[in-house]
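Student: Can you walk me through reading a sheet and the helices packed on it? I'd like the general idea before the case at hand.

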Amino acid sequence: MAIEIRTESAIAPDSRNLIDASQAALLEAFPPDECFSFSAEELDTPNTQFLVARIDGRAMGCVALVDQIKYGEIKRLFVSPKARGIGVARALMIALESAAEDIGLTHLRLETGEQLAEAVSLYRSLGYTDRGAFGDYPDIASNLFMEKAVGIEVTIS
């Protein structure tokens, strides 16, 4: 079974369905005031790439890369329960990291929470490490902030 990943519109019907399912999963893990997710409209911007994973043509997962100029922010990593455990999330993250490198980003950051144990385990296995709060996120107990350097960083002295 091949996993096909492409950049798609965040406001397309399949994308909206994935975003809605992602939001429902977040609300099962966190109270509403501790969910810092982006809507489809907020992800439908020129500085965002919305990646969708398809298996046999069916949308089974997504992730967004938001270019924040100094770093890329990862939003909305989600895999349909029907497609979990077969590498869809890892494939999405590898595609996202490649996209970040392609546009010249050198660091990726994300906000998650320990309640999302499978996601945290995936991020750690891919080399993401803990860091302090960034952007406008509150530094509250439920938040876990992570980052990873990507691409080639050249220092000239």
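Tutor: Helices (H or I, at least four residues) and strands (E, at least two) are DSSP runs numbered from the N terminus, and two strands pair if DSSP finds at least two bridges between them. Here an open sheet of seven strands, with mixed pairing, has the order β1-β2-β3-β4-β5-β7-β6. At the edges stand β1 (3-7) and β6 (129-131), each with a single partner strand, so one side of each lacks a neighbour in the sheet.

Tutor: This is a predicted model: local features need pLDDT of at least 70, side-chain atom pairs count only at pLDDT 80 or more, and totals for chains, interfaces and linings use all residues. Residues are numbered from 1 along each chain as its sequence is written, and side-chain values use heavy atoms, leaving out hydrogens and water.

Student: How many bridges join β4 to β5?

Tutor: Three, between parallel strands β4 (residues 72-79) and β5 (residues 107-112). Ile-74, for instance, has Leu-110 in β5 as its bridge partner.

Student: Which strands does helix α4 lie across?

Tutor: Axes are lines fitted to C-alpha atoms, for helices over the stretch in contact (heavy atoms within 4.5 Å), and angles run from 0 to 180 degrees between N-to-C directions. Helix α4 (residues 117-125) lies across β4, β5, β6 and β7 (144-149), at about 25 degrees to β7.

Student: Which residues of α4 are buried?

Tutor: Buried means under 20% relative accessible area, exposed over 50%, partly exposed in between (1.4 Å probe, protein chains only). In α4, Val-120, Leu-122 and Tyr-123 are buried.
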